[in-house]
Amino acid sequence: MGGNFMSIKYKKISSSVIPNAVVEFRGNEKAYVLDALESTWISSVGKYVEMFERQFAQYHRVANAVTVSNGTCALHLALQALKIGHGDEVIVPNFTFAATANAVFHSGATPVLVDSYSDHWNIDPDEIVKVISSRTKAIIPVHLYGQPCDMEKILNIAKKNNLYVIEDAAEAHGAEICGRKVGSLGHIGCFSFYANKIITSGEGGMCITNTPELANRMCMLRDHGMNPQKRYWNDEVGFNYRMTNITAAIGLAQLEFIDEIIALRKMKADLYRELLEACPGVRLIMPAPFGRSVDWLQCVYFESEHFDQPNTIEDFILKLKKAGIDARRTFYPLDAMPPYVVCRRSGDLKNSHWFSSHGVALPLYPLLTEEEIHYIVSTVKAFLKEL
Ligand SMILES: *Cc1c(COP(=O)(O)O)cnc(C)c1O
(Lines give C-alpha, C1' and ligand atoms only; values in the text may rest on other atoms or scores of the structure.)
Protein backbone atom coordinates (compact mmCIF):
# COMPACT_ATOMS: atom_id res chain seq x y z
CA MET A 1 0.00 0.00 0.00
CA GLY A 2 2.96 2.32 0.66
CA GLY A 3 3.45 2.92 -3.04
CA ASN A 4 -0.05 4.34 -3.35
CA PHE A 5 0.89 7.34 -1.32
CA MET A 6 4.00 8.34 -3.27
CA SER A 7 1.94 10.33 -5.72
CA ILE A 8 -0.12 12.07 -3.06
CA LYS A 9 1.17 15.62 -2.75
CA TYR A 10 -0.67 16.61 0.40
CA LYS A 11 -0.18 14.77 3.65
CA LYS A 12 -2.88 14.39 6.22
CA ILE A 13 -2.00 16.22 9.44
CA SER A 14 -3.71 14.01 11.97
CA SER A 15 -3.78 10.22 11.93
CA SER A 16 -7.53 10.05 12.55
CA VAL A 17 -10.06 9.39 9.79
CA ILE A 18 -11.68 12.40 8.10
CA PRO A 19 -15.36 11.67 8.81
CA ASN A 20 -18.05 11.91 6.15
CA ALA A 21 -20.01 14.43 8.23
CA VAL A 22 -19.42 16.29 11.49
CA VAL A 23 -22.02 18.05 13.63
CA GLU A 24 -21.12 21.48 14.91
CA PHE A 25 -22.95 23.53 17.55
CA ARG A 26 -22.06 27.12 16.74
CA GLY A 27 -24.95 28.92 18.44
CA ASN A 28 -27.48 28.55 21.23
CA GLU A 29 -27.90 24.76 21.12
CA LYS A 30 -26.67 24.09 24.66
CA ALA A 31 -28.36 27.15 26.19
CA TYR A 32 -31.74 26.29 24.65
CA VAL A 33 -31.53 22.60 25.60
CA LEU A 34 -30.67 23.51 29.19
CA ASP A 35 -33.50 26.01 29.25
CA ALA A 36 -35.93 23.37 27.95
CA LEU A 37 -34.75 20.93 30.64
CA GLU A 38 -35.04 23.49 33.40
CA SER A 39 -38.55 24.38 32.26
CA THR A 40 -39.44 20.64 32.66
CA TRP A 41 -41.38 20.86 29.38
CA ILE A 42 -39.52 17.96 27.80
CA SER A 43 -42.24 16.25 25.75
CA SER A 44 -43.92 17.81 22.75
CA VAL A 45 -45.56 20.80 24.43
CA GLY A 46 -43.24 23.76 24.92
CA LYS A 47 -42.07 27.07 23.57
CA TYR A 48 -39.21 25.66 21.47
CA VAL A 49 -41.59 23.54 19.39
CA GLU A 50 -43.69 26.62 18.68
CA MET A 51 -40.67 28.85 18.00
CA PHE A 52 -38.98 26.31 15.72
CA GLU A 53 -42.18 25.93 13.69
CA ARG A 54 -42.78 29.67 13.46
CA GLN A 55 -39.22 30.51 12.43
CA PHE A 56 -38.94 27.61 9.99
CA ALA A 57 -42.16 28.80 8.31
CA GLN A 58 -40.82 32.37 8.20
CA TYR A 59 -37.50 31.26 6.71
CA HIS A 60 -39.37 29.41 3.95
CA ARG A 61 -41.97 32.16 3.57
CA VAL A 62 -44.86 29.72 4.01
CA ALA A 63 -47.93 29.96 6.21
CA ASN A 64 -47.48 26.75 8.18
CA ALA A 65 -44.77 24.46 9.53
CA VAL A 66 -45.45 21.25 11.46
CA THR A 67 -42.64 19.55 13.42
CA VAL A 68 -42.47 15.75 13.41
CA SER A 69 -40.19 13.03 14.82
CA ASN A 70 -38.09 12.54 11.65
CA GLY A 71 -37.99 13.04 7.89
CA THR A 72 -39.62 9.71 7.07
CA CYS A 73 -42.57 10.58 9.34
CA ALA A 74 -42.78 13.93 7.54
CA LEU A 75 -43.22 12.17 4.19
CA HIS A 76 -45.72 9.67 5.60
CA LEU A 77 -47.71 12.39 7.34
CA ALA A 78 -47.86 14.41 4.10
CA LEU A 79 -49.23 11.38 2.22
CA GLN A 80 -51.80 10.73 4.98
CA ALA A 81 -52.87 14.37 5.05
CA LEU A 82 -53.52 14.18 1.29
CA LYS A 83 -55.50 10.94 1.82
CA ILE A 84 -53.22 8.89 -0.39
CA GLY A 85 -53.41 5.17 0.32
CA HIS A 86 -54.38 1.70 -0.94
CA GLY A 87 -54.77 1.42 -4.69
CA ASP A 88 -52.94 4.70 -5.34
CA GLU A 89 -49.61 5.19 -7.06
CA VAL A 90 -46.97 7.78 -6.17
CA ILE A 91 -44.12 8.70 -8.52
CA VAL A 92 -40.65 8.76 -6.90
CA PRO A 93 -37.12 8.97 -8.31
CA ASN A 94 -35.28 5.64 -8.61
CA PHE A 95 -32.14 7.38 -7.34
CA THR A 96 -32.89 8.53 -3.79
CA PHE A 97 -32.54 7.47 -0.17
CA ALA A 98 -34.99 4.60 0.40
CA ALA A 99 -37.09 6.55 2.95
CA THR A 100 -38.83 8.35 0.06
CA ALA A 101 -40.26 5.07 -1.25
CA ASN A 102 -40.73 3.51 2.20
CA ALA A 103 -43.08 6.31 3.24
CA VAL A 104 -45.19 5.59 0.15
CA PHE A 105 -45.41 1.89 1.10
CA HIS A 106 -46.34 2.81 4.70
CA SER A 107 -49.26 4.83 3.35
CA GLY A 108 -50.56 1.74 1.55
CA ALA A 109 -49.87 3.20 -1.91
CA THR A 110 -47.21 1.87 -4.30
CA PRO A 111 -44.18 3.80 -5.53
CA VAL A 112 -43.55 4.09 -9.27
CA LEU A 113 -39.87 4.48 -10.08
CA VAL A 114 -38.59 7.11 -12.50
CA ASP A 115 -35.09 7.57 -13.91
CA SER A 116 -32.66 10.50 -13.54
CA TYR A 117 -31.51 12.78 -16.35
CA SER A 118 -28.45 11.45 -18.20
CA ASP A 119 -26.33 14.40 -17.05
CA HIS A 120 -27.93 15.09 -13.68
CA TRP A 121 -28.99 12.77 -10.87
CA ASN A 122 -32.41 14.36 -10.20
CA ILE A 123 -35.71 12.97 -11.51
CA ASP A 124 -36.30 13.55 -15.25
CA PRO A 125 -39.71 15.20 -15.85
CA ASP A 126 -39.92 13.69 -19.37
CA GLU A 127 -39.79 10.24 -17.75
CA ILE A 128 -42.46 11.20 -15.19
CA VAL A 129 -44.97 11.78 -17.98
CA LYS A 130 -44.45 8.23 -19.27
CA VAL A 131 -45.63 6.49 -16.09
CA ILE A 132 -48.70 8.54 -15.14
CA SER A 133 -51.78 6.29 -14.90
CA SER A 134 -55.35 6.65 -13.66
CA ARG A 135 -54.07 5.52 -10.24
CA THR A 136 -51.34 8.16 -9.94
CA LYS A 137 -52.10 10.58 -7.11
CA ALA A 138 -48.82 12.37 -6.42
CA ILE A 139 -45.21 13.03 -7.39
CA ILE A 140 -42.42 13.19 -4.81
CA PRO A 141 -39.49 15.04 -6.40
CA VAL A 142 -36.33 14.73 -4.27
CA HIS A 143 -33.86 17.63 -4.24
CA LEU A 144 -30.96 15.19 -4.05
CA TYR A 145 -27.63 16.19 -2.47
CA GLY A 146 -28.88 19.77 -2.18
CA GLN A 147 -29.69 20.26 -5.88
CA PRO A 148 -33.15 21.60 -6.76
CA CYS A 149 -35.31 19.59 -9.19
CA ASP A 150 -36.84 21.22 -12.25
CA MET A 151 -39.92 22.24 -10.27
CA GLU A 152 -41.42 24.39 -13.02
CA LYS A 153 -41.79 21.36 -15.30
CA ILE A 154 -42.84 19.06 -12.47
CA LEU A 155 -45.50 21.47 -11.19
CA ASN A 156 -46.87 21.87 -14.73
CA ILE A 157 -47.11 18.11 -15.20
CA ALA A 158 -48.83 17.83 -11.81
CA LYS A 159 -51.32 20.57 -12.63
CA LYS A 160 -52.20 19.07 -16.01
CA ASN A 161 -52.75 15.64 -14.50
CA ASN A 162 -54.38 16.75 -11.25
CA LEU A 163 -51.61 15.36 -9.05
CA TYR A 164 -50.26 16.44 -5.69
CA VAL A 165 -46.60 17.38 -5.32
CA ILE A 166 -44.79 16.50 -2.10
CA GLU A 167 -41.23 17.83 -2.14
CA ASP A 168 -38.63 15.70 -0.38
CA ALA A 169 -36.23 18.45 0.70
CA ALA A 170 -34.49 16.31 3.35
CA GLU A 171 -31.08 17.08 1.81
CA ALA A 172 -31.68 20.61 0.57
CA HIS A 173 -32.59 23.06 3.38
CA GLY A 174 -32.15 26.56 2.00
CA ALA A 175 -31.85 25.69 -1.70
CA GLU A 176 -33.84 28.07 -3.91
CA ILE A 177 -35.70 28.24 -7.19
CA CYS A 178 -36.37 31.76 -8.51
CA GLY A 179 -35.92 33.15 -5.01
CA ARG A 180 -38.31 30.65 -3.42
CA LYS A 181 -37.00 28.04 -1.01
CA VAL A 182 -37.37 24.39 -2.02
CA GLY A 183 -40.12 22.71 -0.04
CA SER A 184 -42.37 25.75 -0.46
CA LEU A 185 -43.29 25.12 -4.10
CA GLY A 186 -45.39 21.95 -3.94
CA HIS A 187 -48.48 21.17 -1.83
CA ILE A 188 -46.33 19.98 1.09
CA GLY A 189 -42.54 20.12 1.61
CA CYS A 190 -40.77 17.62 3.87
CA PHE A 191 -37.47 18.02 5.72
CA SER A 192 -35.19 15.86 7.87
CA PHE A 193 -32.94 17.02 10.72
CA TYR A 194 -30.87 13.87 11.03
CA ALA A 195 -27.32 14.52 12.27
CA ASN A 196 -25.66 14.63 8.84
CA LYS A 197 -28.24 16.89 7.13
CA ILE A 198 -27.69 20.60 6.38
CA ILE A 199 -29.05 21.49 9.83
CA THR A 200 -29.86 18.95 12.53
CA SER A 201 -31.92 18.42 15.66
CA GLY A 202 -30.53 14.92 16.32
CA GLU A 203 -33.56 13.17 14.92
CA GLY A 204 -36.39 15.30 13.61
CA GLY A 205 -38.47 16.41 10.66
CA MET A 206 -40.79 19.15 9.40
CA CYS A 207 -43.68 19.51 6.97
CA ILE A 208 -44.39 22.92 5.46
CA THR A 209 -47.43 24.05 3.48
CA ASN A 210 -49.36 27.13 2.45
CA THR A 211 -52.68 25.33 2.87
CA PRO A 212 -54.04 25.77 6.43
CA GLU A 213 -56.42 22.79 6.07
CA LEU A 214 -53.47 20.52 5.30
CA ALA A 215 -51.48 21.93 8.23
CA ASN A 216 -54.42 21.36 10.59
CA ARG A 217 -54.85 17.81 9.33
CA MET A 218 -51.15 17.09 9.81
CA CYS A 219 -51.27 18.48 13.39
CA MET A 220 -54.29 16.31 14.16
CA LEU A 221 -52.78 13.16 12.59
CA ARG A 222 -49.35 13.55 14.25
CA ASP A 223 -51.15 13.74 17.62
CA HIS A 224 -52.92 10.33 17.45
CA GLY A 225 -55.71 11.69 15.25
CA MET A 226 -57.22 13.42 18.28
CA ASN A 227 -59.73 16.20 17.74
CA PRO A 228 -57.86 19.37 18.81
CA GLN A 229 -61.06 20.82 20.31
CA LYS A 230 -62.07 17.65 22.13
CA ARG A 231 -59.37 15.89 24.12
CA TYR A 232 -59.32 12.05 23.95
CA TRP A 233 -61.83 12.13 21.09
CA ASN A 234 -60.47 10.58 17.90
CA ASP A 235 -61.96 11.33 14.52
CA GLU A 236 -59.31 9.27 12.73
CA VAL A 237 -56.63 6.68 13.33
CA GLY A 238 -53.55 8.84 13.76
CA PHE A 239 -49.91 8.49 14.81
CA ASN A 240 -47.56 9.78 17.45
CA TYR A 241 -45.17 11.69 15.21
CA ARG A 242 -44.54 14.61 17.60
CA MET A 243 -41.17 16.32 18.10
CA THR A 244 -39.97 16.94 21.66
CA ASN A 245 -39.28 20.41 23.06
CA ILE A 246 -35.62 19.39 23.64
CA THR A 247 -35.24 18.35 20.01
CA ALA A 248 -36.87 21.58 18.84
CA ALA A 249 -34.45 23.56 21.05
CA ILE A 250 -31.51 22.11 19.08
CA GLY A 251 -33.31 22.63 15.75
CA LEU A 252 -34.12 26.26 16.51
CA ALA A 253 -30.52 27.04 17.48
CA GLN A 254 -29.30 25.46 14.23
CA LEU A 255 -31.86 27.36 12.17
CA GLU A 256 -30.54 30.66 13.58
CA PHE A 257 -27.21 29.95 11.82
CA ILE A 258 -28.49 28.25 8.68
CA ASP A 259 -27.27 30.89 6.21
CA GLU A 260 -23.80 30.83 7.74
CA ILE A 261 -23.74 27.01 7.63
CA ILE A 262 -24.80 27.03 3.95
CA ALA A 263 -22.13 29.65 3.10
CA LEU A 264 -19.41 27.60 4.83
CA ARG A 265 -20.49 24.44 3.04
CA LYS A 266 -20.39 26.32 -0.27
CA MET A 267 -16.87 27.59 0.42
CA LYS A 268 -15.64 24.01 0.93
CA ALA A 269 -17.56 22.70 -2.07
CA ASP A 270 -16.18 25.51 -4.27
CA LEU A 271 -12.65 24.43 -3.37
CA TYR A 272 -13.49 20.80 -4.23
CA ARG A 273 -14.93 21.97 -7.56
CA GLU A 274 -11.90 24.14 -8.32
CA LEU A 275 -9.51 21.26 -7.63
CA LEU A 276 -11.53 18.62 -9.46
CA GLU A 277 -12.93 20.53 -12.43
CA ALA A 278 -10.06 19.94 -14.83
CA CYS A 279 -9.34 16.43 -13.58
CA PRO A 280 -9.59 13.94 -16.47
CA GLY A 281 -12.24 11.27 -15.99
CA VAL A 282 -14.05 13.19 -13.27
CA ARG A 283 -17.55 14.46 -13.81
CA LEU A 284 -18.83 17.01 -11.35
CA ILE A 285 -22.52 17.69 -11.12
CA MET A 286 -22.41 21.43 -11.42
CA PRO A 287 -25.03 23.48 -9.59
CA ALA A 288 -28.34 22.82 -11.32
CA PRO A 289 -29.64 25.38 -13.80
CA PHE A 290 -33.02 25.28 -12.07
CA GLY A 291 -32.04 27.29 -9.03
CA ARG A 292 -29.53 27.90 -6.25
CA SER A 293 -28.34 24.63 -4.81
CA VAL A 294 -26.90 24.00 -1.36
CA ASP A 295 -23.97 21.64 -0.79
CA TRP A 296 -24.83 18.57 1.24
CA LEU A 297 -22.22 15.91 0.48
CA GLN A 298 -19.59 16.43 -2.20
CA CYS A 299 -20.54 13.96 -4.94
CA VAL A 300 -17.93 13.16 -7.58
CA TYR A 301 -18.52 10.93 -10.57
CA PHE A 302 -15.91 8.89 -12.43
CA GLU A 303 -16.36 8.44 -16.18
CA SER A 304 -14.16 5.33 -16.44
CA GLU A 305 -15.99 2.21 -17.55
CA HIS A 306 -14.14 0.30 -14.82
CA PHE A 307 -16.98 1.56 -12.66
CA ASP A 308 -19.56 -0.31 -14.76
CA GLN A 309 -18.45 -3.26 -12.63
CA PRO A 310 -20.46 -2.97 -9.40
CA ASN A 311 -17.46 -3.77 -7.17
CA THR A 312 -15.15 -1.05 -8.49
CA ILE A 313 -16.76 1.72 -6.46
CA GLU A 314 -16.78 -0.44 -3.30
CA ASP A 315 -13.05 -1.17 -3.72
CA PHE A 316 -12.36 2.51 -4.36
CA ILE A 317 -14.18 3.51 -1.17
CA LEU A 318 -12.28 0.87 0.81
CA LYS A 319 -8.97 2.29 -0.46
CA LEU A 320 -10.06 5.78 0.56
CA LYS A 321 -10.97 4.45 4.00
CA LYS A 322 -7.49 2.95 4.35
CA ALA A 323 -6.08 6.37 3.45
CA GLY A 324 -8.12 7.88 6.29
CA ILE A 325 -11.07 9.25 4.30
CA ASP A 326 -14.64 8.25 5.09
CA ALA A 327 -16.20 8.45 1.63
CA ARG A 328 -19.61 6.90 1.02
CA ARG A 329 -21.10 5.34 -2.05
CA THR A 330 -24.07 7.24 -3.40
CA PHE A 331 -27.49 5.61 -2.99
CA TYR A 332 -28.28 2.23 -4.55
CA PRO A 333 -30.95 2.49 -7.25
CA LEU A 334 -34.24 1.49 -5.61
CA ASP A 335 -35.13 -1.06 -8.30
CA ALA A 336 -31.98 -3.05 -7.44
CA MET A 337 -33.15 -3.74 -3.88
CA PRO A 338 -35.60 -6.52 -2.88
CA PRO A 339 -38.49 -4.42 -1.47
CA TYR A 340 -38.79 -2.31 -4.64
CA VAL A 341 -38.44 -4.99 -7.33
CA VAL A 342 -42.25 -5.11 -7.53
CA CYS A 343 -42.57 -1.40 -8.42
CA ARG A 344 -43.68 -0.22 -11.82
CA ARG A 345 -41.01 1.89 -13.54
CA SER A 346 -40.10 4.13 -16.45
CA GLY A 347 -37.93 2.10 -18.84
CA ASP A 348 -34.57 0.61 -17.91
CA LEU A 349 -33.59 3.27 -15.32
CA LYS A 350 -30.06 3.13 -16.67
CA ASN A 351 -29.09 6.68 -15.73
CA SER A 352 -29.78 6.14 -12.04
CA HIS A 353 -27.74 2.92 -12.22
CA TRP A 354 -24.84 4.82 -13.77
CA PHE A 355 -24.94 7.49 -11.07
CA SER A 356 -25.11 4.88 -8.34
CA SER A 357 -22.10 2.84 -9.48
CA HIS A 358 -19.87 5.68 -10.74
CA GLY A 359 -19.99 8.12 -7.84
CA VAL A 360 -18.73 8.75 -4.34
CA ALA A 361 -19.96 11.17 -1.71
CA LEU A 362 -16.87 12.80 -0.23
CA PRO A 363 -16.77 14.45 3.23
CA LEU A 364 -18.35 17.90 3.39
CA TYR A 365 -19.15 19.88 6.54
CA PRO A 366 -18.43 23.37 7.90
CA LEU A 367 -15.46 22.25 10.03
CA LEU A 368 -13.68 20.50 7.13
CA THR A 369 -10.34 22.28 6.53
CA GLU A 370 -8.73 23.37 3.26
CA GLU A 371 -5.78 21.06 3.96
CA GLU A 372 -8.16 18.13 4.37
CA ILE A 373 -9.86 18.93 1.05
CA HIS A 374 -6.47 19.13 -0.70
CA TYR A 375 -5.53 15.79 0.83
CA ILE A 376 -8.84 14.16 -0.17
CA VAL A 377 -8.63 15.42 -3.76
CA SER A 378 -5.00 14.40 -4.28
CA THR A 379 -5.77 10.96 -2.85
CA VAL A 380 -8.76 10.52 -5.17
CA LYS A 381 -6.65 11.59 -8.17
CA ALA A 382 -3.84 9.19 -7.24
CA PHE A 383 -6.23 6.25 -6.88
CA LEU A 384 -7.91 7.08 -10.20
CA LYS A 385 -4.51 6.83 -11.93
CA GLU A 386 -4.03 3.35 -10.51
CA LEU A 387 -7.23 1.95 -12.05
C1 LIG B 1 -32.57 11.62 5.28
C2 LIG B 1 -33.58 11.48 4.22
C3 LIG B 1 -34.92 11.11 4.50
C4 LIG B 1 -35.36 10.60 5.83
O5 LIG B 1 -35.10 11.37 6.91
P6 LIG B 1 -34.99 10.71 8.38
O7 LIG B 1 -35.01 11.89 9.26
O8 LIG B 1 -33.71 9.95 8.42
O9 LIG B 1 -36.18 9.83 8.57
C10 LIG B 1 -35.82 11.12 3.47
N11 LIG B 1 -35.46 11.43 2.21
C12 LIG B 1 -34.20 11.75 1.89
C13 LIG B 1 -33.88 12.09 0.47
C14 LIG B 1 -33.21 11.76 2.87
O15 LIG B 1 -31.94 12.05 2.54
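**View 1. Val142 in its loop.** In this predicted model, Val142 lies in the loop between strand S4 (136-139) and helix H6 (151-160). Its relative accessible area is 4%. Buried means under 20%, so Val142 counts as buried. Now look for Leu185, which is 43 residues from Val142 along the chain. The C-alpha atoms of Val142 and Leu185 are separated by 13 Å.

View 2. How many residues surround the ligand? There are 14. The closest are Gly71, Thr72, Glu171, Ser192 and Lys197. By type, the shell divides into four nonpolar, seven polar and three charged residues. The ligand sits in the second largest pocket. Two elements give two or more residues to the shell around the ligand: helix H3 (71-81) and helix H4 (99-107).

View 3. Start with Gly71. A backbone N or O atom of Gly71 lies 2.8 Å from an oxygen atom of the ligand. Move on to Asp168, where a polar side-chain atom is 2.8 Å from a nitrogen atom of the ligand. Finish at Ser192. An N or O atom in the side chain of Ser192 is 2.7 Å from an oxygen atom of the ligand. How much of the ligand does the protein bury? Taken alone, the ligand exposes 380 Å², and the protein buries 92% of that.

**View 4. Helix H3 from end to end.** Why is H3 described as largely enclosed by the rest of the structure? Ten of its eleven residues are buried, so the rest of the structure largely encloses H3. The buried residues include Gly71, Cys73, Ala74, Leu75 and His76. Leu77, Ala78, Leu79, Gln80 and Ala81 are also buried residues of H3. At the N-terminal end, Asn70 caps the helix. A side-chain oxygen of Asn70 lies 3.0 Å from the backbone nitrogen of Thr72. Just after H3 comes Lys83, with a positive phi of about 60°.

View 5. Most residues other than glycine have a negative phi. Thr40 has a positive phi, near 65°. Thr40 lies in the loop between helix H1 (29-39) and helix H2 (47-60). Is Thr40 buried or exposed? At 60% relative accessibility, Thr40 counts as exposed. Tyr232 also has a positive phi, with a value near 70°. Find Tyr232 in the loop between helix H7 (212-222) and helix H8 (245-255). The relative accessible area of Tyr232 is 68%. Exposed means over 50%, so Tyr232 counts as exposed.

**View 6. Tyr194 between two strands.** Tyr194 lies in the loop between strand S8 (188-192) and strand S9 (205-209). Its relative accessible area is 41%, so Tyr194 is partly exposed. Pro19 is 175 residues from Tyr194 along the chain.

View 7. Where is Arg292? Arg292 is in the loop between strand S10 (282-283) and S11. S11 covers residues 298-302. Arg292 is partly exposed, at 41% relative accessibility. Trace the chain between Arg292 and Glu176, and the two are 116 residues apart in sequence. In space, Arg292 and Glu176 are 4.9 Å apart, C-alpha to C-alpha.

**View 8. Glu305 and Ile261.** Glu305 lies in the loop between strand S11 (298-302) and helix H10 (310-322). With 64% relative accessibility, Glu305 counts as exposed. Ile261 is 44 residues from Glu305 along the chain. The C-alpha atoms of Glu305 and Ile261 are separated by 36 Å.

Technical notes. Residues are numbered from 1 along each chain as its sequence is written. This is a predicted model: local features need pLDDT of at least 70, side-chain atom pairs count only at pLDDT 80 or more; totals for chains, interfaces and linings use all residues. Side-chain values use heavy atoms; hydrogens and water are left out. A residue is near a molecule or strand if one of its heavy atoms lies within 4 Å of it. A polar contact is a pair of N or O atoms within 3.5 Å; within protein, one must be able to donate a hydrogen and the other to accept it, and residues adjacent in sequence count only if both atoms are side-chain atoms. Accessible areas come from the Shrake-Rupley method with a 1.4 Å probe; for residues, only the protein chains shown count as cover. On a 1 Å grid over the protein atoms alone, a cavity is a set of points where a 1.4 Å probe fits but cannot get out, and a pocket is an open set with protein on both sides within 12 Å along at least five of seven lines; lining residues have an atom within 4 Å of a point. A molecule sits in a cavity or pocket if more than half of its atoms lie within 2 Å of its grid points. Helices (H or I, at least four residues) and strands (E, at least two) are DSSP runs, numbered from the N terminus. Ala, Val, Leu, Ile, Met, Phe, Trp, Tyr, Cys and Pro count as nonpolar, Asp, Glu, Lys and Arg as charged, and the others, Gly among them, as polar. Buried means under 20% relative accessible area, exposed over 50%, partly exposed in between (1.4 Å probe, protein chains only).
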